[in-house]
Amino acid sequence: MRLSSGQPDRVRRRDRRGRGIRGPLVPSDLPVFRSRAQAFDDLVLDAVERLERLWARELANVDFLVEDVPPVPLRGEPLEAIPFSRLEGDRTGRARIVVYRRPVEIRTKDPDEMALLVHEVVVEEVANLLGVEPESVDPES
């Protein structure tokens with residue numbers, strides 16, 4: 001059963017003061033338009049794309065993810081340093097590398113330093129996955 005006021009359903013085109021729906025405050029082509037989380041995702045994506053050019057076959061079964069914070073340790077577990085990333089594997093041969101956004105953001109002062117740290121974290125986890133030294137994963141860094 002549907003209650004009706006006798007008027008047809010209308011889409012609201014104006015707010016209560018008669019103004020129209022507001023648009024974005026800044027144009028979409030400016031850097032300020034992207035959120036910090038989106039900018040961080042782009043940094044991780046740049047680092048992964050750079051490594052995939054060098055290690056395409058080895059990274060074919062690896063998923064790269066970004067999470068805000070690492071999981072809280074359970075009671076009784078020792079509290080260690082807050083990690084920047086985590087490497088997970090499963091029985092099917094797939095691996096996951098998770099980069100934590102907030103610890104990296106807190107540790108860095110400017111966007112260039114953050115980009116460098118994100119790249120180092122991704123390189124380190126790929127090196128752990130492949131069982132090689134980080135210097136051999138990306139010799140140019």
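## Strands and fold

Strand β3 is mostly covered, with five of its six residues buried. Buried means a relative accessible area under 20%, exposed means over 50%, and partly exposed lies in between (1.4 Å probe, protein chains only). The model is a predicted one, in which local features need pLDDT of at least 70 and side-chain atom pairs count only at pLDDT 80 or more, while totals for chains, interfaces and linings use all residues. Residues are numbered from 1 along each chain as its sequence is written, and side-chain values use heavy atoms, with hydrogens and water left out.

The chain has four helices and three strands, and along the sequence they follow the pattern α-β-β-β-α-α-α. Helices (H or I, at least four residues) and strands (E, at least two) are DSSP runs numbered from the N terminus.

Two strands pair if DSSP finds at least two bridges between them.

| Strands | Bridges | Direction |
|---|---|---|
| β1 and β3 | six bridges | parallel |
| β2 and β3 | five bridges | antiparallel |

V69 is in the loop between β1 (62–67) and β2. Its relative accessibility is 48%, so V69 counts as partly exposed. Leaving out residues up to four places away in sequence, V69 touches Y100 and R102; contact means heavy atoms within 4.5 Å. The C-alpha atoms of V69 and R102 are 5.8 Å apart, although the two residues are separated by 33 residues along the chain.

## The nonpolar core

A nonpolar core is a set of buried Ala, Val, Leu, Ile, Met, Phe, Trp, Tyr and Cys residues joined through side-chain atoms within 4.5 Å. The largest one here has 21 residues, of which F40, L51, V118, V122, V126 and V137 touch the most other members. At least two residues each come from α1 (36–54), β3 (95–100) and α3 (111–130). The largest share of this core, eight residues, belongs to α3. With residues up to four places away in sequence set aside, V122 touches A47, V48, L51, F64 and V99.

Where does D138 lie in the chain? D138 is in the segment after α4 (134–137). D138 counts as buried because its relative accessibility is 2%.

Its side chain makes a polar contact of 3.1 Å with that of R50 and a polar contact of 2.6 Å with that of H119. A polar contact is a pair of N or O atoms within 3.5 Å; within protein, one must be able to donate a hydrogen and the other to accept it, and residues adjacent in sequence count only if both atoms are side-chain atoms. H119 itself lies in helix α3, and its relative accessible area of 9% is why H119 is classed as buried. Apart from neighbours within four places in sequence, D138 is in contact with R50, L51, L54, H119 and V123.

## Whole-chain values and confidence

Of the 141 residues in the chain, 23% are buried. Among contacts between residues at least 6 apart in sequence, 58% join residues at least 24 apart. The accessible surface comes to about 11,200 Å², with 52% of it belonging to carbon and sulfur atoms; accessible areas come from the Shrake-Rupley method with a 1.4 Å probe, and for residues only the protein chains shown count as cover.

The chain averages a pLDDT of 83, and 75% of the residues score at least 70. Over residues 1–5 the pLDDT is below 50, and this stretch has one contact in the model beyond near neighbours in sequence. pLDDT is the predictor's confidence in each residue, from 0 to 100.
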